Amino acid sequence: MPFQHNDQKYKCLCGQMHITMAAILIAAATILVGIVALVLAIADDRPFYSWIPVAVVVLIMIVCSFLVLYALKSEKEIFFLPYIGLMVLSILLSVGVAVLGIWSLVSPRSGVADFLTNPVQNPRSDSEVISKASVLLALAVLFLFCSIWFAFIMYRCFLYQKDVKIARHPHIAHYTRTKTDSA
């Protein structure tokens, strides 16, 4: 039986899109967001050294995204792993930011709320902290769900590439997630 490339387990978005197309779109969107973030960081009025961390993060994002595109082109599933690792870090960061947002909502006078406002230059009110913490929390939760979904899609592409490789070379021993009969 030939390999079923269009099996439902290789689809996403309610069976409307193949996971490889979703991976291409996610990688392209990540590259686009990275470039926009870099341009905005450079265009800001801050000194040169302040946007270097943004440039480093954007470079990592872009490299991981191009590795996804290379993994799809070359059918080497190992190149999905850097992007999955980046998404795991993104998930952890999103959870941390969400916790800070919740903490600031619960206690607007706490030191954690100082991350949201600059009390030295601008005396802060509780309503200002609550509004900024609410926006931060909403963005963190949105980013968390996107990161989880992106990591899940890339992991499914990783498994799809493995399944394709096994279907093409069934007599070569592969590490798989399926059970095989041993003689």
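**Helix packing around α1 to α4**

In the predicted model, helices α1 and α4 pack with their axes 9 Å apart, at an angle of about 135°. On the α1 side the contact is formed by I19, T20, A22, A23, I26 and A27, and on the α4 side by W149, F150, I153, M154, R156, C157 and Y160. Classified by residue type, the contact of α1 with α4 comprises 11 nonpolar residues, 1 polar and 1 charged.

A second pair is formed by α2 and α3, whose axes lie 8 Å apart and meet at an angle of about 140°. The helices α2 and α3 are therefore likewise oblique to each other, and their crossing is left-handed. Residues I60, M61, C64, S65, L67 and V68 of α2 make the contact with P82, Y83 and L86 of α3. The contact of α2 with α3 contains 8 nonpolar residues and 1 polar residue, with no charged residues.

Helix α3 spans residues 81-106, 26 residues in total, and extends 37 Å from its first C-alpha to its last, close to the 38 Å expected at 1.5 Å a residue. Buried positions in α3 are Y83, I84, L86, M87, S90, S94, A98, G101 and S104. Two of these, Y83 and L86, also take part in the contact with α2. The cover over the buried residues of α3 includes α1 (19-43), α2 (52-74) and α4 (126-168).

Terms used
Residues are numbered from 1 along each chain as its sequence is written. This is a predicted model: local features need pLDDT of at least 70, side-chain atom pairs count only at pLDDT 80 or more; totals for chains, interfaces and linings use all residues. Side-chain values use heavy atoms; hydrogens and water are left out. Helices (H or I, at least four residues) and strands (E, at least two) are DSSP runs, numbered from the N terminus. The expected span of a helix is 1.5 Å times one less than its number of residues. Buried means under 20% relative accessible area, exposed over 50%, partly exposed in between (1.4 Å probe, protein chains only). Contact means heavy atoms within 4.5 Å. Axes are lines fitted to C-alpha atoms, for helices over the stretch in contact, and angles run from 0 to 180 degrees between N-to-C directions. Ala, Val, Leu, Ile, Met, Phe, Trp, Tyr, Cys and Pro count as nonpolar, Asp, Glu, Lys and Arg as charged, and the others, Gly among them, as polar. Angles under 35 degrees count as roughly parallel, over 145 as roughly antiparallel, 65 to 115 as roughly perpendicular and the rest as oblique. A crossing is left-handed if the near helix is turned anticlockwise from the far one by less than a right angle, and right-handed if clockwise.
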